[in-house]
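Colleague: Hi! Could you walk me through this one? I'm new to helices and loops, so plain words please.

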Amino acid sequence: MTVELGLDTFGDMTVRDDGTPETAAQVIRNLVDQGVLADQVGVDFLGVGEHHRPDFAVSAPDVVLAGLATRTGRIRLGTAVTVLSSDDPIRVFERFSTIDALSGGRAEVVLGRGSFTESFPLFGYDLRDYDTLFSEKLDLFVQLLDEGPVSWQGSIRPPLVEQEVWPRTESGRLTTWIAVGGSPQSVVRAASYQIPLMLAVIGGPAARFAPFAELYRRVLEEAGADRLPVAVHSPGHVAQTDELAREQLYPHFKANRDRIGAERGWGPVGLDEYHGEITHGSLYVGSPETVARKIAATVRTLGLDRFDLKYANGPMPHSQLMRSIELYGTQVAPRVRELLAED
């Protein structure tokens, strides 16, 4: 099996090595340095998330990606995810076709609903329209991918009649994924549009998502469509040893999880749950060998074309994130490919 190995970040607000809080501006500059390193060590893809809340520095990932496009040479650049429901599909396409030009054809956009809802009131949308907004905006965006005159009609905006959108991409097609968190209906929708599928596996064993990958491929096959890529996004951290990786990540993972959990009615995370998720669930934490073996197992189980490790999880210092990226590119990724080649 051949597989692409990528990295994702939401631009979490971090602390410095001495534990003092970093500024959002420096977090964004550090993120660019992280992307440059990922490019240098051979990582295939970097995804930058979109959030509109104080614990994440990136609210405009396309701007960060444009900066990265001018500082990198080979790594593909995309989102994790673009919250299409509270954005304008035409502007999303225009921004990413521009990033595609700046990067020489390396832009990707991962479209999703997002797991946070702050963008809806911020941009004047009603959460009661949650499903309609995503469904109609996705339908319009898919038509834009043909890069020709667009005629479209729905309930969320005035109709379009033979409108053209610029700039077009040099390749004629902007690489696009649909992110799914675990809804069969969303999987079927991705397959019906014939768009590659990104599965967000952030808790529990990856094997529980096998039915979604199978459903996606079955719908494509029944439609007579070509096979399309399936990818997974999951959190983790790489350090020189298993013990060091677990020790480094825990306080930052807990800080992030407990903050979100307090908003959603979850109890605080403890060491037992943390270690259980590493051992049996979707936390890819450990030495390069440990993380590589777990990624390879997930690739085999789901038949993946790409695996993206969400390497930033809470306020972990920039220095530790850089080391994790270095190990992922130089040791984890080659080892994953070795393990899969042995099959």
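Modeller: Happy to! Keep in mind that this is a predicted model. Let's begin with a helix pair: helix 10 and helix 11 are oblique to each other.

Colleague: What angle do helix 10 and helix 11 pack at, and how far apart are their axes?

Modeller: The angle is about 45°, and the axes are 8 Å apart. An angle of about 45° counts as oblique because roughly parallel is kept for angles under 35 degrees and roughly perpendicular for 65 to 115. Helix 10 passes helix 11 in a right-handed crossing.

Colleague: Which residues meet there?

Modeller: From helix 10 (residues 288-302), the contact includes P288, V291, I295 and V299. On the helix 11 side, L327, Y328, Q331 and R335 are among them. By class, the residues of this contact are twelve nonpolar, one polar and four charged.

Colleague: Nice. Where does helix 11 bend?

Modeller: At Y328, by about 45°. Y328 also belongs to the contact with helix 10. From its first C-alpha to its last, helix 11 (residues 318-342) reaches 35 Å, close to the 36 Å expected for its 25 residues.

Colleague: Now helix 8 and helix 9. What is their packing angle?

Modeller: Helix 8 (residues 242-264) and helix 9 (residues 271-280) pack at about 115°, and their axes are 11 Å apart.

Colleague: Is that crossing left-handed or right-handed?

Modeller: Right-handed. The residues that meet include L249, Y250 and F253 in helix 8, and Y274, H275 and I278 in helix 9. This contact has seven nonpolar, two polar and three charged residues.

Colleague: Changing topic: where are the cis peptide bonds you mentioned wanting to show me?

Modeller: One joins A80 and V81, with omega about 5°. V81 is in the loop between strand 3 (76-79) and strand 4 (82-83). Another cis bond joins W166 and P167, where omega is about -5°. P167 lies in the loop between strand 7 (160-163) and strand 8 (175-180).

Colleague: Why point those out?

Modeller: Because most peptide bonds are trans, and most residues other than glycine have a negative phi.

Colleague: Then which phi should I look at in strand 7?

Modeller: Look at E162, which sits in strand 7. E162 has a positive phi of about 50° although it is not a glycine.

Conventions:
Residues are numbered from 1 along each chain as its sequence is written. This is a predicted model: local features need pLDDT of at least 70, side-chain atom pairs count only at pLDDT 80 or more; totals for chains, interfaces and linings use all residues. Side-chain values use heavy atoms; hydrogens and water are left out. Helices (H or I, at least four residues) and strands (E, at least two) are DSSP runs, numbered from the N terminus. The expected span of a helix is 1.5 Å times one less than its number of residues. The bend at a residue is the angle between axes fitted to the seven residues ending there and the seven starting there. Axes are lines fitted to C-alpha atoms, for helices over the stretch in contact, and angles run from 0 to 180 degrees between N-to-C directions. Angles under 35 degrees count as roughly parallel, over 145 as roughly antiparallel, 65 to 115 as roughly perpendicular and the rest as oblique. A crossing is left-handed if the near helix is turned anticlockwise from the far one by less than a right angle, and right-handed if clockwise. Contact means heavy atoms within 4.5 Å. Ala, Val, Leu, Ile, Met, Phe, Trp, Tyr, Cys and Pro count as nonpolar, Asp, Glu, Lys and Arg as charged, and the others, Gly among them, as polar.
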